Amino acid sequence: MEIKVLKNILDANNQIAARNRARLDAQRVTALNIMASPGAGKTTLVVRTVQGLKEKCRIGVIEGDIASTIDADRVAREGIPVVQINTGGECHIDANMMSTALESMDLDKIDLLLLENVGNLVCPAEFDTGSHRKVMLLSVPEGDDKPYKYPLMFTIADAIIINKIDTLPLFDFNMANFEKAVRGMNPAARLFPMSLKTGEGLTEWLAWVEAQARRS
Ligand code: MG
Ligand code: ZN
């Protein structure tokens, strides 16, 4: 019974997500859904991506958080349009919340939309928002076993960033084991080892994002 209820919720969500995607397509906007645990570096990734690409494409950001506008305020300092979603307790952004946020974003004025999802490795992977690409960010201190513990997230991601590689000497994170685990469940995903602190790996990431955004 509970499984059937969840299936109905996800079916309804998928329909709204498809409408969101069609709307973004009509305006030639590419949307990336950025997902990670709290503290992995999602907001820093958003800020660095905006700084790296805002001269090349017009970027808008949707910030999802259970409460507060801390992250949205930080991103807004970059001088780009930001819409805040406060989920009021929900631990993920669903397609309905995304649809409401799109109402507040002038899609005529942007080419690339970055959605920062709520910090959580579980249900954000289940709820399609209508984005075109799913990006998952793992940080070295979280451990190389996470693909085994949260397989759906690692399976659905188009790009996987391993952030905080500057801390590799401090943690028992085995990059070869991690890559093997990811390749076993998601051979097509692009992997980006990165340190948002030192800037290592950022160039490759920005090139990938720009390629996703170039739609004619
Ligand atoms: Mg954040
Ligand atoms: Zn949730």
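Helices (H or I, at least four residues) and strands (E, at least two) are DSSP runs, numbered from the N terminus.

**Ground rules.** I am looking at a predicted model, where local features need pLDDT of at least 70, side-chain atom pairs count only at pLDDT 80 or more, and totals for chains, interfaces and linings use all residues. Residues are numbered from 1 along each chain as its sequence is written, chains are lettered from A and ligands numbered from 1 in the order in which they are written, and side-chain values use heavy atoms, with hydrogens and water left out.

**Helix α1.** Next I looked up its buried residues (under 20% relative accessible area; exposed is over 50%, partly exposed in between; 1.4 Å probe, protein chains only). They are L10, N13, I16, A17, N20 and L24. An α-helix has 3.6 residues a turn, so residues three or four places apart point the same way. Among what covers these buried residues I found β1 (30–36), α4 (95–103) and β4 (112–116), counting contact as heavy atoms within 4.5 Å. After α1 comes R28, with a positive phi near 55°.

**Magnesium, ligand 1.** I looked for donors (N, O and S atoms within 2.8 Å of the metal, or 3.2 Å for Na, K and Ca; water is not among the atoms, so sites may look incomplete). The protein gives T43 (OG1), D71 (OD) and E116 (OE), at 2.0 to 2.1 Å. T43 sits in helix α2 and D71 in helix α3, 28 residues apart, so this pair links distant parts of the chain. Both T43 and D71 are buried.

**Zinc, ligand 2.** C91 (SG), H92 (ND1) and C123 (SG) coordinate the zinc ion at 2.0 to 2.2 Å. Their spacing along the chain reads C-H-x30-C. C91 is partly exposed at 30% relative accessible area, while H92 is buried at 7%.

**Largest pocket.** A pocket here is an open set of points on a 1 Å grid over the protein atoms alone, where a 1.4 Å probe fits, with protein on both sides within 12 Å along at least five of seven lines; lining residues have an atom within 4 Å of a point. I noted a volume of about 220 Å³ for the largest one, meaning the space filled by probe spheres set on the points. Its lining has 16 residues, with P38, G39, K42, T43 and D71 nearest the centre. α2 (42–53) gives the most to this lining, three residues.
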